[in-house]
Amino acid sequence: MTRIAIITAVAAERDAIARGAGVVEHLQAGPFETIRGTVRADADIAVVAAGVGPAAAASAAMAIALSGVDVLISAGVAGGFSGRADIGDIVVATVALAGDLGVQTAEGFLDLSKLGFGASAYTVDVAASADTAERLAAAGLATRRGPVLTVSSATGTDERATELAERYDAVAEAMEGAGVGHVAALMGIPFVELRAVSNLVGRRDLTAWNLPVALATLERAMRTLFGRQ
């Protein structure tokens, strides 16, 4: 049986994913509130609400990885970069990037790899990522593929959105993927990141966000991936 761990930030993301995948058994796993169950008789799925940010995501991913898991997935909502992903789109990462971990200098930003302090990019499982995108697109979901940024401070200005989009050629911005990717790389576990777009990256305007649409997209994506539609 394939053991799949899906790491989310908050309960609303966890619950949408669990509904879509058909996971119904509720468990309390240590400090992390987890929904776990068996799907299609061949997959054991744990969906974890780990908290916001890469540190929280990495903590949950490591805890569950040490208990045994075959696939780590970072999933939830995200901001889409204008012209690259729209509200309601589903984004499948080609790479998870630590977008603001490093040093800002007068000459520009230096990430960890440029500083010689380790990796700033976490490779996804290429075959699984491509297969996921193909299945979602075939089901009629507006599907995008590309780099997804992980940031500790979400973007709230148009100027920073432009800077990040140009620096990384990014499709979306979230806050957890690189944390899960880091654990996956350490433990040698296949990794995928999947995001539903709730807003456009830029000036912070909550009236322009559409979380219900993003969560519905996330649920529909899971229904597709786990053969429930």
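Strands S6 and S12 pair up in the antiparallel sense over three bridges. Here, two strands count as paired if DSSP finds at least two bridges between them, and the labels themselves come from DSSP runs, numbered from the N terminus (H or I for helices, at least four residues; E for strands, at least two). Within this pairing, Val 91 sits opposite Arg 195 of S12.

A quick word on the ground rules. The model is predicted, so local features need pLDDT of at least 70 and side-chain atom pairs count only at pLDDT 80 or more, while totals for chains, interfaces and linings use all residues. Residues are numbered from 1 along each chain as its sequence is written, and side-chain values use heavy atoms, with hydrogens and water left out.

Back to S12, which also runs parallel to S5, with nine bridges joining the two. Ile 73 has Val 192 as its bridge partner in S12. Nine of the ten residues of S12 are buried, so the strand is largely enclosed by the rest of the structure. "Buried" means under 20% relative accessible area, "exposed" means over 50%, and "partly exposed" is what lies in between (1.4 Å probe, protein chains only).

Ile 7 has a bridge partner in each: Val 48 in S4 and Ser 74 in S5. In a regular strand, side chains alternate between the two faces of the sheet.

Next come the cores. A nonpolar core is a set of buried Ala, Val, Leu, Ile, Met, Phe, Trp, Tyr and Cys residues joined through side-chain atoms within 4.5 Å. The largest one has 33 residues, and those with the most contacts inside it are Ile 7, Val 48, Ile 64, Leu 72, Val 91 and Val 180. Among the elements that each supply at least two residues of this core are strand S1 (2–8), strand S4 (43–49), helix H2 (54–66) and helix H6 (177–187). H2 gives the most, with six residues. A second, separate core of 30 residues includes Ile 45, Val 47, Ile 90 and Val 192.

Leu 72 makes a handy close-up. Setting aside neighbours within four places in sequence, its contacts (heavy atoms within 4.5 Å) include Ala 5, Ala 61, Ile 64, Val 180 and Phe 191.

Two packed helices are described by the angle between their axes and the distance between the axes. For H1 (residues 11–21) and H7 (residues 211–225), the axes come within 7 Å and cross at roughly 35 degrees. These axes are lines fitted to C-alpha atoms, for helices over the stretch in contact, and angles run from 0 to 180 degrees between N-to-C directions. Residues of H1 including Ala 12, Ala 16 and Ile 17 meet a set in H7 that includes Leu 215, Leu 218 and Met 222.

Asp 15 also belongs to H1. At 26% relative accessibility, Asp 15 counts as partly exposed. Asp 169, in the loop between helix H5 (158–168) and S11, is exposed, with a relative accessible area of 51%. The phi of Asp 169 is near 55 degrees, a positive value in a residue other than glycine.
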